[in-house]
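Subject: Structure handover and notes

Hi,

Here is the structure for you to open alongside this email. My notes follow it.

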Amino acid sequence: MSKIWRWSLIAAFSGFLFGFDTVVISGADKTLQLLWSSSDVFHGLVVMGMALWGTLMGALLGGIPTNRFGRKNTLIGIGILFTLSALGSSFANDAVTFSFFRFIGGLGVGASTIAAPAYISEIAPAKNRGRLVGLYQFNIVLGILIAFFSNYMLSQIGANAWRWMVGIEAIPAFIFILLVFGIPKSPRWLSLRSDYMEAIEVLRLANPDENIEQWIIDLEKEKDRIGIEENIFMKKYRFPLILAFLIAFFNQFSGINAFLYYAPRILEEAGMGQSAALYGSMGIGIANLIFTLLGIHLIDRIGRKQLMYIGSIGYIFSLSLVSAAFFNHWDGTTVAIFLFVFIGAHAVGQGSVIWVFISEIFPNHLRGSGQAFGSSVHWILAAVIPSFIPLLFANLGAGPVFGFFAFMMLLQLCFVRFLMPETKGISLENSNIRPTKKPRIGLHIDSHL
């Protein structure tokens, strides 16, 4: 295995901890509410929801350490947060203590969505950048699956099974810390600190074919364009900011998190039995993993924009059929098939593209802040949208809800057609994104500096 793949896999392993940490709590859900006699509101907002509030905070603030202390050091900090969260949660004897340590884990989740994609994009050669950053999404999906299986395997060991469920994460988290110590710092981050010698050394190790002289020239040209105390909200960076917002916005308005959180409930609503619904949701998780691998395989071959076209059309087709199935009371198996198509469309399109794309559209000195912005939009909507699903299902029904998501994906298709640029194979130093003079034919990336 080449150095660049090994370093990318290590950084992407934070995604595994993200996926595992997010889902592992589901195995302890009912047990903890009974154990601490929590009300439904307290249990939902505090015991179960505190990790999500930590995730929001980590996404909002994670760009600060990523920029100031570097991508590598931030990844080490993320590993420490996950380790403390797992151990503290497993030894907690009351709801408040448990929630505090779950909040710490959430900080790690939010920060990982910034530091890991930024690090991988900055060490990766342009031709492989999509696949390498895509390893982060693959690890998220893998972590979710392993958490489900881990919960199942540990569920029969007795009354304290929940402690083992949440505590076992400390093992991969500690291994992650040790592995991160062995990777180099990001060459782009080093160059921003004017540490060119170490940056060049890392680049030569990562990609011996890189034209180092041209890279230095491109960096100097980029620095000439940088003003003092720049930030992503300046007018000159409005377009990449809009792109980051829209791809995160449409990611959640596909209904993906609402579906993943409530998959068994949705399948039961469609007429499947409880046991069949649980098995169906596990199958959907496996399908998510398989199609994520397909997306990673294709992202550097056909490009980000083509994957988003495929995903958008798949979304519209599957969500429209799911909506029609609920309106016309089709059987649960039919709904499950359409939902498998939906999860495949997401994994190949948005799931594979979002973290790659956001990591590519901002200049080096603002990449951490840009990642933080896109991640924050993602997590705010991930918190808001699923929270309304039970209420919407009860008052409107599943048919109109899925119909709305299908309409939003029609808007996403317009976004891909008219606004989204292709970033495949473009150097990070040469990705000056701006609109064309003729918006009706979309956008291009001006690589002529």
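Is lysine 236 buried, partly exposed or exposed? At 46% relative accessibility, lysine 236 counts as partly exposed. Its salt-bridge partner is glutamate 230, with N and O 2.9 Å apart. Glutamate 230 is buried, with a relative accessible area of 13%. The cut-off for buried is under 20%, so glutamate 230 falls within it.

Please keep in mind that this is a predicted model. Every value below is computed from it.

**The chain as a whole**

The protein chain has 22 helices and two strands. Of its 449 residues, 57% are buried. The chain exposes about 18,600 Å². Carbon and sulfur atoms supply 67% of that area. Take the contacts between residues at least 6 apart in sequence: 80% of them join residues at least 24 apart.

**Salt bridges**

Side chains of opposite charge can pair when their charged atoms come close. This structure holds eight salt bridges.

One joins glutamate 122 to arginine 71, with the closest N and O atoms 2.7 Å apart. Glutamate 122 sits in helix α7 and arginine 71 in helix α6 (residues 71–91), so the pair ties together parts that are 51 residues apart in sequence. Both ends are covered. Glutamate 122 is buried at a relative accessible area of 0%. Arginine 71 is buried at 1% relative accessibility.

Another joins arginine 304 to glutamate 360, and here the closest N and O atoms are 2.5 Å apart. This pair links distant parts of the chain: arginine 304 is in helix α18, glutamate 360 is in helix α20 (residues 350–360), and 56 residues separate them. Arginine 304 and glutamate 360 are both buried. They also belong to a network of salt bridges that links Arg129, Arg131, Asp300, Arg304 and Glu360.

Helix α1 covers residues 3–24, which is 22 residues. From first C-alpha to last, α1 reaches 32 Å, close to the 32 Å expected at 1.5 Å a residue. There is a bend in α1 of about 25 degrees at alanine 11. Most of α1 is covered, with 16 of its 22 residues buried.

Helix α19 has 17 residues, which should span 24 Å at 1.5 Å a residue. Its end C-alpha atoms are 24 Å apart, in agreement. In α19, 12 of the 17 residues are buried, so the helix is largely enclosed by the rest of the structure. Among the buried residues of α19 are Phe338, Leu339, Phe342 and Ile343. Gly332, Gly344 and His346 are also on that list.

Serine 99 lies in helix α7 (residues 95–123). It counts as buried, at 2% relative accessibility. What does serine 99 contact, leaving aside its neighbours within four places in sequence? The contacts are Val46, Val47 and Met50.

Asparagine 151 is in helix α8 (residues 129–154). Its relative accessible area is 6%, so asparagine 151 is buried. Not counting residues up to four places away in sequence, asparagine 151 touches Val23, Val24, Ser26, Gly27 and Met165. Asparagine 151 and alanine 161 are 10 residues apart in sequence. In space they are 8.7 Å apart, C-alpha to C-alpha.

**On the surface**

Histidine 329 lies in the loop between α18 (304–328) and α19 (332–348). Histidine 329 counts as exposed, at 70% relative accessibility. Check its backbone too: histidine 329 has a positive phi of about 60 degrees, although it is not a glycine.

Which residues form a nonpolar patch on the surface? They are Ile380, Val384, Phe388, Leu391, Leu392 and Leu396. Together they have about 520 Å² of accessible area. Leucine 391, one of the patch residues, is in helix α21 (residues 367–395). An α-helix has 3.6 residues a turn, so residues three or four places apart point the same way.

Best wishes

Key. Residues are numbered from 1 along each chain as its sequence is written. Side-chain values use heavy atoms; hydrogens and water are left out. Patches are made of residues with over 30% relative accessible area and no salt bridge: like charges are joined within 9 Å, nonpolar side chains (Val, Leu, Ile, Met, Phe, Trp, Tyr) within 5 Å. Accessible areas come from the Shrake-Rupley method with a 1.4 Å probe; for residues, only the protein chains shown count as cover. A salt bridge is a side-chain nitrogen of Lys or Arg within 4 Å of a carboxyl oxygen of Asp or Glu. Helices (H or I, at least four residues) and strands (E, at least two) are DSSP runs, numbered from the N terminus. Buried means under 20% relative accessible area, exposed over 50%, partly exposed in between (1.4 Å probe, protein chains only). Contact means heavy atoms within 4.5 Å. The expected span of a helix is 1.5 Å times one less than its number of residues. The bend at a residue is the angle between axes fitted to the seven residues ending there and the seven starting there.
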